[in-house]
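Have the model open while you read.

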Amino acid sequence: MASFQRSEPSRWGGPRLALLAVLAAAAAIRIPGLDYGLPYATLLNPDEQSIVPRAWKMVHGGGPDPHWFDYPSLVLYLFAPFQAWQDRPSILAARVVVVLLAVGAVAASWWLGKRAYGSLAGTVAAAVVAVETTHVLYSHMAVTDVALTLGVAASLALMVSGRLEWAGLAAGLATGAKYPGIFLLVPLVVAGWKQWRRVAVAVGIAALAFAATSPYVFVHPGQAAHEAFRVQRLAREGWLGFEHDHISLVAFPARLWSGMGPVLLVAAAGLGVALWRRRRTDLILIAFVLVYFIDLLTLRAHFDRYVLPLVPPLAVFAGRFRALAPVTLLLLVVPLTWSIRKDAELSRIDTRIVAHDWVESHLPAGARIAAESSTALLPGFDVLPLALPGPKRGFDPNREVSRLRKDGVRYVLVTGAIADRVLDARTRYPREARFYDDLRTQGKRLYYVASGHGRSGPWVALYRI
């Protein structure tokens with residue numbers, strides 16, 4: 001064993017050199033397509049429109065109180081300094097910050113793997129996170145998920161290292177990025193088992209870190225609790241597009257597969273070995289994976305981003321097999337290929353931008369348009385937003401052609417990002433589905449665009465009614 005460890009640097013090019021190569025690769029596959037959908041803020045991820053303008057407002061006279069608690073405030077505070085010299089909210093500047101956080105998550109995963117199972121495990125773990133398709137995709141978005149993943153990886157690395165107080169700090173920061181970071185308290189207790197004074201101090205530090213990065217949660221506790229629990233309730237009730245999905249026990253492993261590919265099988269084997277051996281490091285990682293996955297089982301909205309905090313510990317489990325490391329690294333060609341394909345899609349023009357430009361050039365300024373939420377914003381027009389359908393959501397009366405005509409609306413802009421999901425679940429949304437039928441039968445389609453020929457994104461159609 002000792003001789004193998006001495007030969008490891010020459011055999012694998014040196015841990016530090018390997019890490020630098022992985023970090024460079026991680027950055028390289030996250031930069032292409034970083035300007036996708038801009039300057040429109042609702043196309044790649046609608047949450048960008050909720051987050052970035054609030055960060056911009058903080059440094060342009062609005063002050064540090066976000067007055068909004070769907071998410072905690074840490075990511076807003078990270079974005080805000082880079083909005084200071086912008087004349088308007090800059091999605092691109094915020095996305096650059098997320099790329100830096102994403103590369104940090106890769107480095108933290110290397111650290112976690114190294115502290116858990118050795119340098120080789122760290123290299124494998126970093127490589128997995130670097131090319132994991134979902135992580136690469138969300139590294140292009142100015143949202144909270146990548147920051148949470150970084151906090152999870154860093155906190156677990158500190159727990160494995162026995163630095164409980166610092167682990168508590170990282171856990172508090174992770175929770176300040178997104179509320180599910182609170183699940184890090186479970187492995188924190190496992191890491192400090194029987195060291196109850198240190199555990200209490202670490203939990204106290206976590207609470208202080210959260211309070212320091214989301215202080216207005218405590219200034220407006222009623223509003224914060226209402227908005228935070230509303231987001232959780234919506235995730236548990238479901239979301240448009242998941243009506244025919246498998247149960248969470250099947251759906252979320254499928255999401256992990258779509259990001260990690262066959263490396264997930266190696267990670268599952270590593271998790272099995274950890275469950276069998278149950279050493280201190282194993283128990284810390286197991287505790288987080290299990291408690292977080294159990295929470296996922298309560299959700300009916302199976303968004304791919306929800307599995308991101310599981311990626312670093314699973315990547316470490318995949319790296320624990322020294323003999324399998326070459327095979328594991330070779331298998332990463334699969335998610336790397338998927339990520340490159342995603343980058344290629346993000347390098348094309350979005351269909352909704354093409355439709356936006358057509359509308360601007362062909363419709364009279366100020367025309368009244370009913371538009372779905374996933375379309376590009378139309379300044380200069382009188383836009384009536386159409387509410388997003390979903391489980392346990394009331395029917396939007398504006399989704400009736402007769403009502404729109406009565407209210408003076410003569411144009412309707414719809415997109416496959418919503419329409420296809422509604423029509424696939426027609427029995428659950430009969431009135432919403434009838435709206436699209438009525439547009440085809442009672443209206444005249446003026447314009448239609450779909451992906452292909454250098455475009456990506458959903459189809460978009462404009463009707464005159």
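Start where Leu 112, Ala 116 and Tyr 117 of helix H5 meet Thr 281, Asp 282 and Leu 285 of helix H16, with contact meaning heavy atoms within 4.5 Å. Sorted by class, this contact has four nonpolar residues, one polar and one charged. Here Ala, Val, Leu, Ile, Met, Phe, Trp, Tyr, Cys and Pro count as nonpolar, Asp, Glu, Lys and Arg as charged, and the others, Gly among them, as polar.

H5 covers residues 91-117 and H16 covers residues 280-296; their axes come within 9 Å and cross at roughly 140°. That makes H5 oblique to H16 (under 35 degrees is roughly parallel, over 145 roughly antiparallel, 65 to 115 roughly perpendicular, and the rest oblique).

A word on the background: this is a predicted model, where local features need pLDDT of at least 70, side-chain atom pairs count only at pLDDT 80 or more, and totals for chains, interfaces and linings use all residues. Residues are numbered from 1 along each chain as its sequence is written, and side-chain values use heavy atoms, leaving out hydrogens and water.

Now for the loops. The peptide bond from Leu 38 to Pro 39 is cis, with omega near 10°, and Pro 39 sits in the loop between helix H2 (15-28) and helix H3 (47-62).

| Residue | Phi | Loop between | Relative accessible area |
|---|---|---|---|
| Lys 392 | about 60° | strand S3 (382-386) and helix H21 (401-406) | 70% |

How values were computed:
Axes fitted to C-alpha atoms, helices over the stretch in contact; angles between N-to-C directions. Helix = DSSP H or I, 4+ residues; strand = E, 2+ residues; numbered from the N terminus. Buried < 20%, exposed > 50% of the residue type's maximum accessible area, 1.4 Å probe, protein only.
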